[in-house]
Amino acid sequence: MDRRSFVQGVLATGAMPTIGAFGVVNDTGKIAKLAPYHGVPTFDLSADISRQCVVAQGTKDIYQGHPTTLLALDKKTIYAVWTIGHGGTCGPLKKTTDEGRTWSGLLPTPANWTVAKNCPAIYRLPQPKGGSRVFVYAGNGPDKCMQYATSDDDCVTWSPMQSNHLKEAVMPFCSIVPIDGGKRLLGLSNIRRPDEKVEQRSNVLASSISEDGGVTWAPWRVILDIPGLKPCEPAAFRSPDGKQILCLIRENVKRVALYMTSEDEGKTWSKYKPLPPGLWGDRHMPRYTADGHIVVTMRDTGAESPTGKHFVAWIGRYEDILSGKDGRYRVKLLESYHGGDCGYSGLEVLPDGNLVATTYIQYRPGPEKNSVVSVRFRLSELDAALRG
């Protein structure tokens, strides 16, 4: 059986097992403390299985990978999309209506989603004439270009996948930032260095502009090329006052994550700098909380980090990043039993203060391949642990 037929069969039969909430809290019922990292308090929630739920169970044969999530307009429902296989085929879609405690069965998606591959990224994007539209972008398809699908009813029904004709993308858009008051969109990702052989695998960061709400995009413009290094997976978001765009950057050679800023809506960028060590990681996913903190989930790549290679969150302020401070604290969310093969995630901040992070990970020992797993936490709990 070929790969496409296998994937279509899995989706059609619902063969991906779904497990509900794992069960009771761990024996202590407390938040464990780990050794500080560069003087920053580090906590461990990974043993508290009451926080966790398997969205899609991996098996000996099925690898569940690379999810992202979107909070629906009702501020309660969370949708998750992911791939089958490492950087593999798209298609799976589920939702939760109870803050990640349980997840639905597979939701319907068009059949040709299975021809799109690599790390689907889901976004709600403002439209030039008002309102919003939901997009899922995937890394590539039959024409070797980035693919996209749309929903006009907040993720209930979807269009088929089609090409947006952006070539050389390694990933779909890792970040999309509305610019110019929402009239245009700035999309960022990593691509292969122009005119370099693919097998050399040298990444550069690039941006593209959409004038029509995310359907068509201008050709890539390289915004960061560092000879000898491989920057990738940019995570861009605005400063609290909205005047600056900050971009967190994975780096694949020295494994010291970087950042740069823009003061002019992405037209130009500052010189890159290293992030504080507490933010050394891959596939950063930043979100603001109601009190102005930033929560960033990631795969931890920090040298000598007590949470190295696991799924973690960094908590701090915007100014901590720019001033080189290591933030308020860090937290290990899930243990990875397959080394650093984890950490691409969605992160949603709910109105009641709960945060729901959803990643792919081998969450327990055994022959099973990676699963998609969500975990819930609150900053108030971690603040109490910090004080106590």
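Which residues does leucine 333 touch, not counting residues up to four places away in sequence? I looked this up first. Leucine 333 touches Leu45, Ser46, Gln52, Thr297, Phe311, Val312, Ala313, Ala357, Val375 and Phe377. Contact here means heavy atoms within 4.5 Å.

**Ground rules.** I noted that this is a predicted model, where local features need pLDDT of at least 70, side-chain atom pairs count only at pLDDT 80 or more, and totals for chains, interfaces and linings use all residues. Residues are numbered from 1 along each chain as its sequence is written, and side-chain values use heavy atoms, with hydrogens and water left out.

**Core.** Next I looked up the largest nonpolar core. A nonpolar core is a set of buried Ala, Val, Leu, Ile, Met, Phe, Trp, Tyr and Cys residues joined through side-chain atoms within 4.5 Å. Buried means under 20% relative accessible area (1.4 Å probe, protein chains only). This core has 24 residues, and Val295, Val331, Leu333, Phe377, Leu379 and Leu382 touch the most other members. I found at least two core residues in each of strand 21 (311-316), strand 22 (329-334), strand 24 (354-361), strand 25 (371-378) and helix 3 (379-387). Strand 22 gives the largest share, four residues.

**Elements.** I listed three helices and 25 strands. These are DSSP runs, numbered from the N terminus: helices are H or I with at least four residues, strands are E with at least two.

I traced an open sheet in the order 11-12-13-14, paired antiparallel. Two strands pair if DSSP finds at least two bridges between them. Strand 11 (175-179) and strand 14 (221-224) stand at the edges with a single partner strand each, so one side of each has no neighbour in the sheet. Strand 11 and strand 12 (residues 184-192) are joined by five bridges. In one of them, isoleucine 179 has arginine 184 in strand 12 as its bridge partner.

I then followed an open antiparallel sheet in the order 4-5-6. Strand 4 (64-71) and strand 6 (93-96) are its edge strands. Strand 5 (residues 78-84) pairs with strand 6 over four bridges. Isoleucine 78 has threonine 96 in strand 6 as its bridge partner.

**Whole protein.** Last, I checked the overall numbers. The C-alpha trace spans about 55 × 50 × 45 Å along its principal axes. Of the 388 residues, 57% count as buried. Of the contacts with a separation of 6 or more, 53% join residues 24 or more positions apart.

Definitions and conventions: Buried means under 20% relative accessible area, exposed over 50%, partly exposed in between (1.4 Å probe, protein chains only).
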